[in-house]
Amino acid sequence: MRPRDWAELLRVSALFTVPGDALAGAASAGGRPNRGTALAVGASLCLYEAGMALNDWSDRDEDAIDRPHRPIPSGRISPAAALGAAGALTAAGLGLAARAGRPALAVATALSATVWAYDLHLKHTKAGPAAMAAARGLDLLLGATATLSAAGRRATAPGSAVAARPDRAVRGARRAAVNGATGAGGSAPAVRPARRAVARGQGPAPAASRHAFRVGRGGGSVRAAAPAAAVLAAHTYAVTTVSRNETQGGSTRAPLAALAATGAVAAFAARPRGTAVPAAAVLLAAAYARTAAVPYLHAALNPSPPLTQRAVGGGIRAMIPLQAALAARSGAGVTGLAVMGLVPLARKLARKVSPT
């Protein structure tokens, strides 16, 4: 088993489409890249590669007919080794997510369950594209969750602004108690017990909890990243639908539907989130549209296996400018440009190892 065989099994050229999920998630949630973001990237890479290994293990009998050159049917990698790699990479991904906090571990657990369910069963059903789309959306939310959790811990750590100003926590407890008491038909005296509890250090301060979910540029939350996750999932759904015909070809409906989805996704990425659209977001959305739309159009005009495979490859590569556009749309232009820096690396490696 040579390194090149494993690179082919794991489709390492597609790895460059993964880090942008976490970075786009962090930006869409209103956070800035931090230690939690780095852990989310590591977890995503491991879980993505686990899915690749498990995919080939699950498809080994089918590949023996349609793709006998793949590492498992050609005998270059044993089925046991591929399955073992999938298990080890899944464990590593969950371990990295756990270091980012319990919320991140919960999202990563859902992500890994989706990946295994897709590879072992769902990809051969009508629910296959939806499962793959859910996995990409969860990957973006993993970045958002890990980033905000890390920022929240930093904000409440000893020596931080929140920890150094307990009076702010007391005022936060007072406001929360007043709102809760009066909103439920209670009375203002409920403020005193809450204030005493915070002053004694019993339980997490409301101000600290607020910082755990509202951090970054003007505050943010995981919920704010949901639209970006849905858009990335929509693109993934379209790519996966096209990929179901990449070995036989013959479908014009799937590339046409993917072409329409690309236009809608590009319009969202270029749409203002606030009062104005960052120029970088418009340019990156255009780059995404061109990368995905051209091969989709070719596959729709001539749905042969080679052109269908090119359409799938174009859809995979288009994830990078889409992630960059989603980050820039949230005001993180530098992050978006950094993500775009992965494009030439992905293109260069794709010439040696196919991403499909």
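The lining of the largest pocket divides into 13 nonpolar, nine polar and 13 charged residues, where Ala, Val, Leu, Ile, Met, Phe, Trp, Tyr, Cys and Pro count as nonpolar, Asp, Glu, Lys and Arg as charged, and the others, Gly among them, as polar. This is a predicted model, in which local features need pLDDT of at least 70, side-chain atom pairs count only at pLDDT 80 or more, and totals for chains, interfaces and linings use all residues. Residues are numbered from 1 along each chain as its sequence is written, and side-chain values use heavy atoms, with hydrogens and water left out.

**The chain overall**

- The protein chain has 18 helices and zero strands; helices (H or I, at least four residues) and strands (E, at least two) are DSSP runs, numbered from the N terminus.
- Of its 356 residues, 48% count as buried, meaning under 20% relative accessible area, with exposed being over 50% and partly exposed in between (1.4 Å probe, protein chains only).
- The protein chain exposes about 16,100 Å², and carbon and sulfur atoms supply 62% of that area; the areas come from the Shrake-Rupley method with a 1.4 Å probe, and for residues only the protein chains shown count as cover.
- Among contacts (heavy atoms within 4.5 Å) between residues at least 6 apart in sequence, 78% join residues at least 24 apart.

**The largest pocket**

- The largest pocket has a volume of about 960 Å³, a volume being the space filled by probe spheres set on the points, with grid points joined across faces, edges and corners.
- Of the 35 residues that line the largest pocket, Asn55, Tyr118, Met132, Thr240 and Ser243 are the closest to its centre.
- At least two lining residues come from each of α3 (35-58), α4 (60-66), α6 (102-120), α7 (128-156), α12 (226-243) and α15 (305-317).
- Helix α3 gives the largest share of this lining, with seven residues.

**The second largest pocket**

- About 390 Å³ of space lies in the second largest pocket.
- Its lining has 15 residues, and those closest to its centre are Pro295, Gln309, Arg310, Gly313 and Arg317.
- Both α14 (279-301) and α15 supply at least two residues of this lining, and the largest share, six residues, comes from α15.
- By class, the lining of the second largest pocket holds six nonpolar, six polar and three charged residues.

**The cavity**

- One cavity of 30 Å³ or more is counted, and the largest cavity holds about 40 Å³ of space.
- Ser13, Ala14, Thr17, Ile316, Arg317, Ala346, Ala350 and Pro355 line the largest cavity.
- Helices α15 and α18 (342-350) each supply at least two residues of its lining.
- That lining has five nonpolar, two polar and one charged residues.

- A nonpolar core is a set of buried Ala, Val, Leu, Ile, Met, Phe, Trp, Tyr and Cys residues joined through side-chain atoms within 4.5 Å.
- The largest nonpolar core has 45 residues, and Leu140, Val242, Tyr288, Tyr296, Leu322 and Leu326 have the most contacts inside it.
- Leaving aside residues up to four places away in sequence, Leu140 touches Asp21, Ala24, Gly25, Ala225, Ala228, Ala229, Leu232 and Leu326.
- A second, separate core of 16 residues includes Ala104, Ala108, Leu142 and Ala146.
- Ten of the ten residues of helix α2 (residues 19-28) are buried, so α2 is largely enclosed by the rest of the structure.
- The buried residues of α2 include Asp21, Ala24 and Gly25, which are also among the residues that Leu140 touches.
- Just after α2, Gly30 takes a positive phi of about 95°.

**The loop between α4 and α5**

- Arg70 lies in the loop between α4 and α5 (79-99) and, at 4% relative accessibility, counts as buried.
- Not counting residues up to four places away in sequence, Arg70 touches Glu8, Leu9, Arg11, Asp56, Asp63, Arg76 and Thr356.
- Ser74 lies in the loop between α4 and α5 too, and its 35% relative accessibility makes it partly exposed.
- Beyond four places along the sequence, Ser74 touches Pro68 and His69.
- The C-alpha atoms of Ser74 and Asp63, eleven residues apart along the chain, are separated by 9.4 Å.

Conventions
On a 1 Å grid over the protein atoms alone, a cavity is a set of points where a 1.4 Å probe fits but cannot get out, and a pocket is an open set with protein on both sides within 12 Å along at least five of seven lines; lining residues have an atom within 4 Å of a point.
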